[in-house]
Amino acid sequence: MRIFVLGSGAGGGFPQWNCNCPNCAGLRRGTIRARPRTQSSLAVTDGGGAWLLVNASPDLRAQIESCPELQPGRSVRDTAIAAVLIVDAQIDHSTGLMTLREHTRPLPVYCTPSVHDDLTKGYPLLSVLEHYCGVDWRPVDAIGGASFTIPGIPGVELHPVPLPSEAPPYSPRRHAPAPDDTIGLVFVDRASGQRCFYAPGLGEWTDRVVEEARRADCVLIDGTLWKDAELADRGAADKTGREMGHLAQSGRGGMLDRLAPLPGRKILIHINNTNPILDEASPERARLDAAGIEVAWDGMEIELG
Ligand code: MLT
Ligand code: MN
Ligand code: ZN
């Protein structure tokens with residue numbers, strides 16, 4: 001099983017178009033050591049040529065160009081993307097669906113009923129897509145927890161995991177989310193049994209999250225913010241991480257404390273542009289290095305099995 005990080009940034013990417021925080025300004029000026037990052041997306045394959053796109057970011061067009069295997073060129077209109085899976089209905093995870101409208105048949109889209117509800121009502125991307133390629137919705141039952149595979153990618157088993165987070169700002173369930181408004185996924189390499197737990201929007205550690213994180217050979221986990229009040233501290237916005245459904249890395253019971261006892265590889269993903277860990281020379285990044293925690297980057301590949 002191979003996991004290709006198409007985009008390791010959170011909503012807005014890095015640098016964000018209107019942001020002049022020390023990170024965004026420093027990256028533009030070349031005064032900090034950091035890599036630009038596009039918005040949150042992965043591609044997963046069993047090596048058989050077909051890929052599952054996990055989240056469709058607003059940067060999808062450029063992300064596809066960044067991974068030549070997604071464009072095998074076998075016919076005049078072609079893609080190696082066999083299906084799309086959306087983990088939440090946030091703008092950064094779903095807007096790229098519009099980029100896929102030229103698909104030559106109904107687009108297989110895996111998402112939970114709650115995500116489907118938001119993407120057909122408050123932000124009706126799936127309804128709009130019906131007027132282009134059409135949508136072949138495959139409901140994901142995260143509450144029942146049934147595992148599944150994607151046609152064309154039989155070597156990767158997917159286990160959905162409900163995550164406590166928040167629904168998108170436009171959702172009628174914004175601060176009273178349903179259990180399947182945000183999910184994580186365990187990708188299992190069926191040949192070796194190796195597991196990757198992916199949870200880019202995690203507000204709180206449930207028993208199930210602890211169990212999946214412990215069992216995983218690799219966790220790819222919410223790295224949005226270093227501090228809960230980071231956006232306000234940087235004068236960028238008044239929302240806290242908690243209000244957005246993201247558990248910050250620092251502080252007691254924060255992500256670093258949670259990751260410390262885990263046996264597998266630990267990688268932060270969905271990094272917001274305000275997060276000091278993006279500066280590779282920062283003391284915060286040095287703390288991650290000392291704790292054996294990696295920071296995902298665009299183009300990073302994870303091989304399991
Ligand atoms: C989030 O996960 O909270 C998002 O990145 C917000 C957004 O896309 O605007
Ligand atoms: Mn997001
Ligand atoms: Zn910024």
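**Reading the backbone and the ligand sites**

Guide: Let us begin with Pro 15, which is placed in the loop between strand S1 (2-7) and H1. Please keep in mind that this is a predicted model.

Visitor: What kind of peptide bond joins Phe 14 and Pro 15?

Guide: Most peptide bonds are trans, and most residues other than glycine have a negative phi. The bond between Phe 14 and Pro 15 is cis, with omega at about 0°.

Visitor: Which residues of helix H1 are buried?

Guide: A residue is called buried when its relative accessible area is under 20%. In helix H1 (residues 22-29), this applies to Asn 23, Cys 24, Ala 25, Gly 26 and Leu 27. The residue that follows H1 is Gly 30, with a positive phi near 75°.

Visitor: Where does Asn 55 lie, and what is its phi?

Guide: Asn 55 belongs to the loop between strand S3 (51-54) and helix H2 (60-66). Its phi is positive, near 80°, although the residue is not a glycine. Asn 55 counts as buried because its relative accessibility is 0%.

Visitor: What is the phi of His 270?

Guide: For His 270, phi is near 60°, again a positive value in a residue other than glycine. His 270 is found in the loop between S12 and H10.

Visitor: Are Asp 92 and His 270 buried or exposed?

Guide: Asp 92 is buried, since its relative accessibility is 7%. His 270 is likewise buried, with a relative accessible area of 4%.

Visitor: Which residues surround ligand 1?

Guide: Gly 11, Gln 90, Asp 92, His 246 and His 270 surround ligand 1, and the space that this ligand takes is the largest pocket. Oxygen atoms of ligand 1 make several polar approaches: one is 3.0 Å from a polar backbone atom of Gly 11. A polar side-chain atom of Asp 92 is 2.9 Å from an oxygen atom of the ligand, and for His 246 the corresponding distance is 2.8 Å.

Visitor: How much of the accessible area of ligand 1 does the protein cover?

Guide: Of the 270 Å² that ligand 1 has on its own, the protein covers 72%.

Methods:
Residues are numbered from 1 along each chain as its sequence is written. Chains are lettered from A and ligands numbered from 1 in the order in which they are written. This is a predicted model: local features need pLDDT of at least 70, side-chain atom pairs count only at pLDDT 80 or more; totals for chains, interfaces and linings use all residues. Side-chain values use heavy atoms; hydrogens and water are left out. Buried means under 20% relative accessible area, exposed over 50%, partly exposed in between (1.4 Å probe, protein chains only). A residue is near a molecule or strand if one of its heavy atoms lies within 4 Å of it. A polar contact is a pair of N or O atoms within 3.5 Å; within protein, one must be able to donate a hydrogen and the other to accept it, and residues adjacent in sequence count only if both atoms are side-chain atoms. Accessible areas come from the Shrake-Rupley method with a 1.4 Å probe; for residues, only the protein chains shown count as cover. On a 1 Å grid over the protein atoms alone, a cavity is a set of points where a 1.4 Å probe fits but cannot get out, and a pocket is an open set with protein on both sides within 12 Å along at least five of seven lines; lining residues have an atom within 4 Å of a point. A molecule sits in a cavity or pocket if more than half of its atoms lie within 2 Å of its grid points. Helices (H or I, at least four residues) and strands (E, at least two) are DSSP runs, numbered from the N terminus.
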